[in-house]
Amino acid sequence: MQLTPSLAWLVDAASDCPGADRLLAELGARLVADGVPLAAGALTLEVPHPLIAKRTWLWRADNGQVIEALGFVPGGLAPDPPSDAGRRWLRDIARGEAHEDIVGRPDGPLLGWIGPRPFRAGEIEQLRQAARFAATPLAVLAARATLRATLDAYLGKRSAERVLAAPLRRDLGETIQAALLYADLRNFTALSETTPPADVIAVLDAWFDRIAGAVHAFGGEVLKFIGDGVLAIFPVVEASPRHACDAALSAAGAAEAGMAYLNKERRAQALPPLSFGVGLHLGEMLWGNIGAANRLDFTAIGPAVNLASRLEGLCKPLGRTVLVSGALAAETDMPLVALGSHSLRGIATPCEVFTLPEPQAPISQMG
């Protein structure tokens, strides 16, 4: 069978494209080179993601550029755009009638094209053949995207990249310096014993939205949800750790503001406010695989992680929401309030402790 250059490329090389956007652009350009008159093309894929339901890319033949629209799941962070984003884009670019093919399976990717004039029968057949041959490379790209999205959702972006780049062995890891944030919700055990399970999950989700949202907003990454606790890191990627320390402090302040707003809503619903504690520390940790020979966990361990956890445990007796170690305080110019030197459970050397300036959560909320 004699294949056109575009079909041969789909067979031999399309699976190596870094993403669906580049596959669309390459395929469109090759179809034009094969004589198909194209003004634009659109590709829509369903994606496995907690917030995003669909991704649609539009390629323009006149400049080769690709732009993207996201379709969010119901209840996501933004309104769900119309499902025919690709069709609307194509109609806006040219007056011809768009041609669309569902690729691979009944619920598979949607590949659409539009030309400067209506397509002729032979051109439509070329586009249909391209859709048939695109099924395999698109399936490869979809599987790759599914793996990456799953790892991002469960491990975080940086950790997912590290897992994908290294062999699956427990003896692999690296020592990194980071600002660590350990946060814990107060009185969760009592809450879980007196509250229906569905309501407990709603409380946890609301809490994690505030603390994880603040961490991500300032460039950090959540490593672990530990019961009602959170371990997050702000890796040091510059010569000085100042940026990472400032980001961790800003995230803690943003979490306080977010929880204050949440508690205002809870009081309006005659629900008790939620209190929490945060420990911030700067130190080195081992970042990598641990676990059994055939069951691994990607995490961070080391004395710095232990200190951040123990520091958070001091929040309740000191009546503070956020506590900062002397090591982190020494690397920031942000205003902090000294609380003196304190012994931490299981830590041999007393720790200089600081906190954020007022306003602080009322001590009565600390439970």
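# Close-up views of a predicted model

**View 1. Phe225 is partly exposed, with a relative accessible area of 47%.** Here, "buried" stands for under 20% relative accessible area, "exposed" for over 50%, and "partly exposed" for what lies in between, using a 1.4 Å probe and protein chains only. Residue numbers start from 1 along each chain as its sequence is written, and side-chain values use heavy atoms, leaving out hydrogens and water. The model is predicted: local features need pLDDT of at least 70, side-chain atom pairs count only at pLDDT 80 or more, and totals for chains, interfaces and linings use all residues.

**View 2. Here we look at aromatic rings, with 4 aromatic pairs counted in the model.** Trp207 and Phe276 make a tilted pair, 5.2 Å centre to centre with 45° between the planes. Rings of Phe, Tyr and Trp (its six-membered ring) count as a pair if their centres lie within 6.5 Å; planes under 30 degrees apart are stacked, over 60 edge-to-face, and the rest tilted. This pair links distant parts of the chain: Trp207 sits in helix H7 (residues 197–217) and Phe276 in strand E9 (residues 276–292), 69 residues apart. Helices (H or I, at least four residues) and strands (E, at least two) are DSSP runs, numbered from the N terminus. Trp207 is buried, at a relative accessible area of 0%, and Phe276 is buried too, at 5%.

**View 3. Phe208 and Phe225 form a tilted aromatic pair, 4.4 Å centre to centre with 50° between the planes.** Distant parts of the chain are linked here as well: Phe208 belongs to H7 and Phe225 to strand E7 (residues 221–226), 17 residues apart. Is Phe208 buried or exposed? Phe208 is buried, with a relative accessible area of 13%.

**View 4. Among the 42 residues of the largest nonpolar core, Leu181, Trp207, Phe234 and Leu280 touch the most other members.** Elements giving two or more residues to this core include strand E6 (173–185), helix H8 (242–268) and E9. A second, separate core of 28 residues includes Leu27, Val36, Phe119 and Phe133. A nonpolar core is a set of buried Ala, Val, Leu, Ile, Met, Phe, Trp, Tyr and Cys residues joined through side-chain atoms within 4.5 Å. In soluble globular proteins, nonpolar side chains tend to be buried together.

**View 5. Which residues does Trp207 touch, leaving aside those up to four places away in sequence?** The neighbours of Trp207 are Ala183, Asp184, Leu185, Asp228, Met259 and Phe276. A contact is counted when heavy atoms lie within 4.5 Å.

**View 6. Ser6 is buried, at 2% relative accessibility.** Ser6 is part of helix H1 (residues 5–12). Not counting residues up to four places away in sequence, Ser6 touches Leu27, Arg30, Leu31 and Asp34.

View 7. Most residues other than glycine have a negative phi. Asn187, although not a glycine, has a positive phi of about 60°. Asn187 lies in the loop between E6 and H6 and is partly exposed, with a relative accessible area of 42%. Ala270 is not a glycine either, yet has a positive phi of about 60°. Ala270 is in the loop between H8 and E9 and is exposed, with a relative accessible area of 70%.
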